[in-house]
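Let's walk through this structure together, starting with one of its pockets and ending in its core. Have the sequence and the 3D view ready.

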Amino acid sequence: MVNTIKNTYLEISVKSFGATLTSVKSQKSGYEFLWQGNDEIWNGQSPVLFPVIGALLNNKCVIGGKEYEIIRHGIARHREFELFSKTDNELVFVQRENEETLKSYPFKYELYMSFKLDGNSLTVTHTVKNTNDGKMCFGIGAHPAFNCETGDRIIFEKPENAYCERIGADSLLNGEKDLILDGSDTIIIEKHTFDKDVMIFSSLNSKYVTLKKEKLGKEIKFSFYDAPFFSVWAKPNAPFVCLEPWYGINDSHEKADSFFEKRANITLDAGDSFSFCWKAEFSEK
C-alpha cells in the first residue's frame with residue numbers, strides 16, 4: 001500500500017512494503033527528485049538497511065554461539081511495515097519481528113520509520129527499540145537514490161582530505177582505499193565515477209553534501225549529520241546517485257567471532273532505543 005502526504009512545496013509517497021520512499025515531487029514544477037527504479041539498471045529506490053549494512057562474510061554471523069544467515073542489507077527491506085500514524089505532514093511506519101525473522105536474526109525489535117515534511121525539506125528518522133530481555137546489536141542505514149545525470153556535482157560542506165574504502169565483487173571490504181577528495185569539496189558525476197562500486201567515507205568534517213543539478217537549476221542539500229559512515233553509490237553511468245548514512249559497514253574477510261564484535265555495530269540494552277535521521281532540502285529555480 002502507498003501513502004502520500006503533501007504541502008505547498010513537496011508531495012511524497014511511501015509504500016508500506018519495506019517502508020520505501022517512492023516519490024519526492026515538486027509541487028511547483030512537478031519534477032521528480034527521487035529515482036523511480038528500473039529493472040534493467042537498479043529497481044531499488046530507498047531501501048532501509050537493517051540489521052546489516054552490505055554483506056556479511058558468506059552471509060553468516062555468530063550470535064550467542066550459534067550461526068545465523070542474514071541476507072545482504074538485511075531483512076527489513078523485504079518485509080511489510082504497518083502504518084503507525086499519519087498526519088498532514090508526517091507518516092510513521094513500524095515493523096516488528098516474527099517467527100521467520102527470528103530464524104535469521106534472533107532478536108525482537110520495533111523499527112519505526114518517520115517521514116516528515118517541513119517546507120521544502122523532508123526528514124526521515126529511523127528508530128530501533130530493543131524489546132528483548134537482554135542486549136541486542138545491529139547495523140542500520142539509509143539508501144535513498146536521487147535522479148542525477150553526468151555533470152552533476154556532489155559538493156561537501158567543507159573541503160576534505162578523504163579516502164574511501166572499497167568493496168570487491170563479493171560486496172566485502174577488500175582493504176583497498178582510494179583518495180577521492182584531496183583538499184577539495186567536489187565529486188563530479190562522470191561516466192566512470194562508480195566503476196569501482198560504492199565509495200565508503202568515514203571521519204568526514206562535513207555534515208552535509210549538496211547535489212547540484214545545474215543543467216536543470218535544481219539542488220538537494222542532504223544532511224547526514226554524525227553518521228560514522230557516509231557512502232555514495234550508483235550503477236556505472238546510471239541516471240541516479242545514492243547518498244547513504246550508515247551506522248554499520250560491510251564485513252571484510254577478517255570475520256569477527258561474534259556479531260556483537262562486528263565493526264561499527266550498535267548494541268542496545270533491554271528497553272533502550274536508537275535513532276538517527278537524514279534530511280533533504282529541495283530547491284529549484
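Strand β22 (residues 273–284) supplies three residues to the lining of the second largest pocket, the most of any contributor; strands here are DSSP runs of E, at least two residues long, numbered from the N terminus. The model is predicted, so to speak of local features takes pLDDT of at least 70 and side-chain atom pairs count only at pLDDT 80 or more, while totals for chains, interfaces and linings use all residues. Residues are numbered from 1 along each chain as its sequence is written, and side-chain values use heavy atoms, leaving out hydrogens and water.

A pocket is an open set of points on a 1 Å grid over the protein atoms alone, where a 1.4 Å probe fits, with protein on both sides within 12 Å along at least five of seven lines; lining residues have an atom within 4 Å of a point. The second largest pocket holds about 150 Å³ of space, and its lining includes T8, Y9, F282 and E284.

The largest pocket holds about 670 Å³. Its lining has 29 residues, with W42, R72, H73, R77 and H143 closest to the centre.

Now look inside. The largest nonpolar core has 87 residues, and Y105, F115, L122, F138, I140 and I154 touch the most other members. Such a core is a set of buried Ala, Val, Leu, Ile, Met, Phe, Trp, Tyr and Cys residues joined through side-chain atoms within 4.5 Å, where buried means under 20% relative accessible area (1.4 Å probe, protein chains only). Strand β20 (residues 240–247) gives the most to this core, six residues.

Conventions:
Points joined across faces, edges and corners; volume = space filled by probe spheres on them. Helix = DSSP H or I, 4+ residues; strand = E, 2+ residues; numbered from the N terminus. Buried < 20%, exposed > 50% of the residue type's maximum accessible area, 1.4 Å probe, protein only.
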